[in-house]
Amino acid sequence: AQRGLRVLAIATGKNQTETELTILGLIGMADPPRPEAISAVAAARRAGVHIVMITGDHAITAQAIATELGIIADGEDAHERVHARATPEDKLRIVRDWKSRGAIVAMTGDGVNDAPALREAHIGIAMGVAGTEVTREAADMILTDDNFASIVDALREGRGIFNNIRKTITYLLAGNFAELLVMLIASLFMLPLPLLPLHILWINLVTDGLPALALVTDPSDPDVMKQAPRETSEPLLGKREWIGVIAIGLLQALVALAVFVWALQARGLEEARNLAFTTLAFGELFRAFGARSNDKTIWEIGFANNMRLLIVVLLSTIAQIYIHHVPALQELLQIGTLSSQDCVLLLFVGLIPLCVIELWKMLRRTYK
């Protein structure tokens, strides 16, 4: 049992009342864990997931298997992580106990006796191959390959999806807040409107919308499983995200307004709107690269692992320049032609928000 074998005792008797039994021997059956299960358990532990083994095996056998899998680490209480000779009532009690601690509980099972605990857990996971029909009906999810590593893969994917949704919403809100501030600050200082309604519509459709679609399909951060689980009470956008929305929106608005005020004095209202419009559009496009991570710089993340975003930003940048040279679009959006010198200038100015964000990431990491 200490070697993790399931032990059967074989004996013979003289009659059906099982008296006068003669022991013949012991049989130790090995049911080794899958190789990927050990690495999956380690990944789950790094992610802050508490894994509890509930089994009908002997306590010594269960502890040996749990140690081999890495469910029990040095210095940990085995009684907290391993429950042997468990009955259906025990499984239900264990699930309720973890729920009472505020944990989000996922329960796996394959037998009819597991059905009550699967139903009680937040997420019941049934085995699709070995599981009974009752278990599958009681579960919220069905594991088609009966592999624990697939649960960890799903956890990694789920965290990646959540992070993508969060950063996409933050990106969109920061851009919209920048547009709002541009109009608000200009009105407060009695300046002409820097943007026309069609300018704002174009920015929302092209320079906000398309990069946001690419951001939401961003590959998961390789370190996503090293992050601690979120608190159940944590909102989609927390304090950190709202501070980012305000700070980034203010930065981008100030850059666009600075260009507008300069051009208003040097070139006139029409040219000032022309430059402010494109400055804001370029800033939104380039900032999408920085929005991929709150901590890692664009050089650490790389560009090749999200070609959709790279292509979208490139094509949208070309489209932004193109509309300034097509008479029909110029008339529709009430914009003028951009000279090659202005295009180069605005491309560099549009990079200012991204550069500031990336510099802030490095400074925060240095002085953390």
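Predicted model: local features only at pLDDT ≥ 70, side-chain atom pairs only at ≥ 80, totals over all residues.
Two strands count as paired when DSSP finds at least two bridges between them. Strand 6, covering residues 123–127, and strand 7 run in the parallel sense and pair over three bridges. Within this pairing, Ala 126 sits opposite Ile 142 of strand 7. The two strands belong to an open sheet of three, ordered 5-6-7, with parallel pairing. Strand 5 (106–109) and strand 7 (141–143) make up the edges, each pairing on one side only. From one strand to the next, the twist averages 25°.

Next comes helix 10. This helix takes in residues 269–290, 22 residues in total, and spans 32 Å from its first C-alpha to its last, close to the 32 Å expected at 1.5 Å a residue. Helix 10 is mostly covered, with 19 of its 22 residues buried. Asn 274 lies in this helix. Its relative accessible area is 1%, so Asn 274 counts as buried, the cut-off being under 20%. What does the side chain of Asn 274 join up with? A polar contact of 3.1 Å links it to the side chain of His 324. Setting aside neighbours within four places in sequence, Asn 274 is in contact with His 324, and also with Ile 335, Gly 336, Thr 337 and Leu 338.

Helix 10 also has a part in the aromatic story. The count of aromatic pairs comes to three. One of them is Phe 289 with Phe 303, an edge-to-face pair at 5.3 Å centre to centre and 75° between the planes. This pair links distant parts of the chain: Phe 289 is in helix 10, while Phe 303, 14 residues apart from it, is in the loop between helix 11 (298–301) and helix 12. Trp 299 and Phe 303 pair up too, again edge-to-face, with 5.8 Å centre to centre and 75° between the planes. Put together, Phe 289, Trp 299 and Phe 303 form one aromatic cluster.

Phe 303 counts as partly exposed, with 28% relative accessibility. Trp 299 is exposed, its relative accessible area being 69%.

Finally, there is Tyr 322, which lies in helix 12 (residues 307–322). Tyr 322 has a relative accessible area of 52%, so this residue is exposed, given that the cut-off is over 50%. Thr 19 is 303 residues apart from Tyr 322 along the chain, and their C-alpha atoms are separated by 95 Å.

Terms used: Residues numbered from 1 in each chain as written. Heavy atoms only, no water. Helix = DSSP H or I, 4+ residues; strand = E, 2+ residues; numbered from the N terminus. Axes fitted to C-alpha atoms, helices over the stretch in contact; angles between N-to-C directions. Buried < 20%, exposed > 50% of the residue type's maximum accessible area, 1.4 Å probe, protein only. Expected span 1.5 Å × (residues − 1). Polar contact = N/O pair within 3.5 Å; in protein donor to acceptor, adjacent residues only side chain to side chain. Contact = heavy atoms within 4.5 Å. Phe/Tyr/Trp six-rings, centres within 6.5 Å; stacked < 30°, edge-to-face > 60°.
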